[in-house]
Amino acid sequence: MDTPAVFYIIRRMKDEKKAFDAIISTSPPPSVHIIGGIIKRLFPSLKWIADYRDLWSHDLYFSNKFSAKISEPIEKFFISKADQITTISEYLRKK
């Protein structure tokens, strides 16, 4: 059975403690930033950059109101812990 990518990354980061200075999460789906937030909590000295992409901002995932209702508050909590948030559009900057 394959290990999910997030567990592989965390295990590798623990094994190579000083091998990483920063991580970048780029969305969608919102779970990417949630994973970035979890990694940041496990490695507080690590710089975390959360990136929002215009091309992906109107993905079908976001049109699912049920998914958005569950994931948005969780994503907002974790995103507030990011060291930096990047985007190129005024629309996503406001959102």
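## Overall organisation

Read from one end of the sequence to the other, the chain follows the pattern α-β-α-β-α-α-β-α, and there are five helices and three strands in the chain; helices (H or I, at least four residues) and strands (E, at least two) are DSSP runs numbered from the N terminus. This is a predicted model, in which local features need pLDDT of at least 70 and side-chain atom pairs count only at pLDDT 80 or more, while totals for chains, interfaces and linings use all residues. Residues are numbered from 1 along each chain as its sequence is written, and side-chain values use heavy atoms, with hydrogens and water left out.

Of the 95 residues in the chain, 31% are buried, where buried means under 20% relative accessible area, exposed over 50% and partly exposed in between (1.4 Å probe, protein chains only). Among contacts (heavy atoms within 4.5 Å) in the chain between residues at least 6 apart in sequence, 73% join residues at least 24 apart.

## The sheet

Three strands form an open sheet with parallel pairing, in the order β1-β2-β3, two strands being paired if DSSP finds at least two bridges between them. The edge strands, each of which pairs on one side only, are β1 (22–27) and β3 (84–86). On average, and with direction ignored, neighbouring strands of this sheet are turned by 20° against each other; axes are lines fitted to C-alpha atoms, for helices over the stretch in contact, and angles run from 0 to 180 degrees between N-to-C directions.

Strand β1 and strand β2 (residues 47–52) run parallel and are joined by six bridges. Within this pairing, Ala22 stands opposite Lys47 in β2, and Ser25 stands opposite Ala50 in β2. The covered face of β1 carries Ile23, Ser25 and Ser27, whereas Ala22, Ile24 and Thr26 are on its uncovered face. Helix α2 (residues 31–42) lies across β1 and β2, running at about 170° to β2.

## The nonpolar core

A nonpolar core is here a set of buried Ala, Val, Leu, Ile, Met, Phe, Trp, Tyr and Cys residues joined through side-chain atoms within 4.5 Å. The largest such core has 13 residues, of which Met13, Ile23, Ile39, Phe43, Leu46 and Trp48 touch the most other members. The elements that give two or more residues to this core are α1 (5–15), α2, β2 and α4 (65–79), and α1 gives the most, with three residues.

Ile23, on the covered face of β1, touches Met13, Gly36, Ile39, Leu46, Lys47, Trp48 and Ile49, not counting residues up to four places away in sequence.

His33 is placed in helix α2 and counts as buried, at 0% relative accessibility. Leaving aside neighbours within four places in sequence, the residues in contact with His33 include Ser25, Trp48, Ala50, Asp51, Glu75 and Phe78. The side chain of His33 reaches the backbone oxygen of Asp51 at 3.4 Å, a polar contact being a pair of N or O atoms within 3.5 Å; within protein, one must be able to donate a hydrogen and the other to accept it, and residues adjacent in sequence count only if both atoms are side-chain atoms. Asp51 itself lies in strand β2 and is buried at 7% relative accessibility, and its side chain is joined to that of Thr26 by a polar contact of 3.0 Å. Thr86 and Thr87 are among the other residues in contact with Asp51, again leaving aside neighbours within four places in sequence.

Lys40 is also in helix α2 and, at 12% relative accessibility, counts as buried. Its side chain reaches the backbone oxygen of Leu46 at 2.6 Å, and, not counting residues up to four places away in sequence, Lys40 touches Leu46, Lys47, Trp48, Lys81 and Asp83. Lys40 and Asp83 are 43 residues apart in sequence and 9.3 Å apart in space, C-alpha to C-alpha.

## The aromatic pair

A search of the whole structure finds one aromatic pair, under the criterion that rings of Phe, Tyr and Trp (its six-membered ring) pair if their centres lie within 6.5 Å, with planes under 30 degrees apart counted as stacked, over 60 as edge-to-face and the rest as tilted. The rings of Phe77 and Phe78 have their centres 5.1 Å apart and their planes at 75°, so the pair is edge-to-face. Phe77 counts as partly exposed at 38% relative accessibility, whereas Phe78 is buried, with a relative accessible area of 12%.
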